[in-house]
Amino acid sequence: MKTESTNPEASREVEAGKKPVVLSGIRATGRMHLGNYLGAMRDFVTLSERDDRECFFFVADLHTLTTLPDADQIRRNVPEIVLSYLAAGIDPERSTIYTQSSVPETSELFWLFSNLMPVGELLKSPSYKEKAQMHPDNINAGLLNYPVLMAADILGPRAHFVPVGEDQYTHLENARDIARRFNNRYGDFFPLPQPLQQSGIRVPGLDGTGKMGKSDGNTLDLVDTPDEMWKKLAPAVTDPARKTRKDPGNPDICNIYTIHTYVSTEEELNWVREGCTTAGIGCLDCKKTLHKNISDLLAEYQERHRDLSARKGYAEEVLREGARRARKVIGETVREAQDRMGVAAYRGSS
Ligand code: TYM
């Protein structure tokens, strides 16, 4: 299991008598896939089971708007992400589960933070450049401001730890920069949020690309049946040197091997490495073992997902309660940040 950073910057700032805060979010862009599970959600569950942590998990529906303008699809996707949190094993009694848009205070904090973020840095953000390239006809200001809203998500409940995949690390750095600037200008208030100590992971896509992604059509989805999964896995790209069964390959450049490293035992990894480099096994043999391990890993998730899907209205109920709890905590932060910045003195009773 990954351990949290012991970086003194984060731990020193846990207020006396309070638990360190863990927070993370997932966009509502599509079905949840193995990358989301291994890169993020598995850690959410482990952290949420600890008595010495206060956890917040949300659906980043406002971030979703930057690339998905289809309202019906967002409406359908939001409860689906909540079901996936619950199916993975997050207990809504212990953790606060909510949608980003149900906490308007986060958007207020976003505006306050916009004033602490140079546009030059936003323009340099790798994810902005990537998305602008992918959606050249829809380079909206939301894409540019994405990291500022993400900082507001994280600093709203004054989170110390943010379990995310490797692709989110730059955003986390932006959040730390904003926290530092705020603290320098207005006095110490925000902890500097940290990822988990071990480097985050990046699950590659089945098409041979660097990242499994919801919008890239290269995923193994968490609700895929074993048959559906095999249909995707069997033709998945491997080391191109293995043109025939007799050609040896190099696991170090094979996406399938990388996925193996996240779900298979040492013994299996040795078997794959030996068999691949000597052409002792074929790619399909390697993929069959991977298929079995992923199916086993997801069996419990899938069973819980089936049960939860039958409970109509449950996800919505969880979200309503989560919004109430999140608004209270985040509202307090925003009021304090406003006071320190010299605004909202005439807010009336709240
Ligand atoms: P999103 O929705 O793209 O992904 C959700 C989580 O899954 C991880 N992930 C992966 N990890 C490893 N390999 C992959 N192929 C892979 N694909 C996705 C992501 O790293 C992420 O942890 N910006 C965020 C959502 C967000 C957020 C936040 C997260 C908004 N505000 C505040 C944390 C804190 C995003 O787009 O995640």
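Domain 1 covers 12–202 + 313–341, and domain 2 covers 226–309. I note that this is a predicted model, in which local features need pLDDT of at least 70 and side-chain atom pairs count only at pLDDT 80 or more, while totals for chains, interfaces and linings use all residues. Residues are numbered from 1 along each chain as its sequence is written, and side-chain values use heavy atoms, with hydrogens and water left out.

**Domain interface**

I looked up the contacts (heavy atoms within 4.5 Å) and found 15 residues of domain 1 touching 11 residues of domain 2. The buried area, meaning the accessible area (1.4 Å probe) that two parts lose on being put together, summed over both, is about 1200 Å² between the domains, with 70% of it from carbon and sulfur atoms. On the domain 1 side, Leu34, Leu83 and Ala87 supply 40% of the area buried against domain 2, more than any other three residues.

I then searched between the domains for salt bridges (a side-chain nitrogen of Lys or Arg within 4 Å of a carboxyl oxygen of Asp or Glu) and counted 0. For polar contacts (pairs of N or O atoms within 3.5 Å; within protein, one must be able to donate a hydrogen and the other to accept it, and residues adjacent in sequence count only if both atoms are side-chain atoms), I have 4 residue pairs, both members at pLDDT 80 or more.

**Ligand**

I listed 28 residues around the ligand, the closest being Arg27, Tyr146, Asp153, Asp167 and Val203, where a residue is near if one of its heavy atoms lies within 4 Å. A side-chain N or O atom of Asp153 is 2.7 Å from a nitrogen atom of the ligand, and for the side chain of Gln168 the corresponding distance is 2.8 Å. Val203 instead places a backbone N or O atom 2.6 Å from a ligand nitrogen.

**Salt bridges overall**

Over the whole structure I found 21 salt bridges. I picked out the one joining the side chains of Lys292 and Asp296, at 2.6 Å from N to O. These two residues are separated by about one helical turn, because they are 4 residues apart in helix H13 (residues 283–309), helices being DSSP runs (H or I, at least four residues) numbered from the N terminus.

Notes
Domains from an automatic or database assignment.
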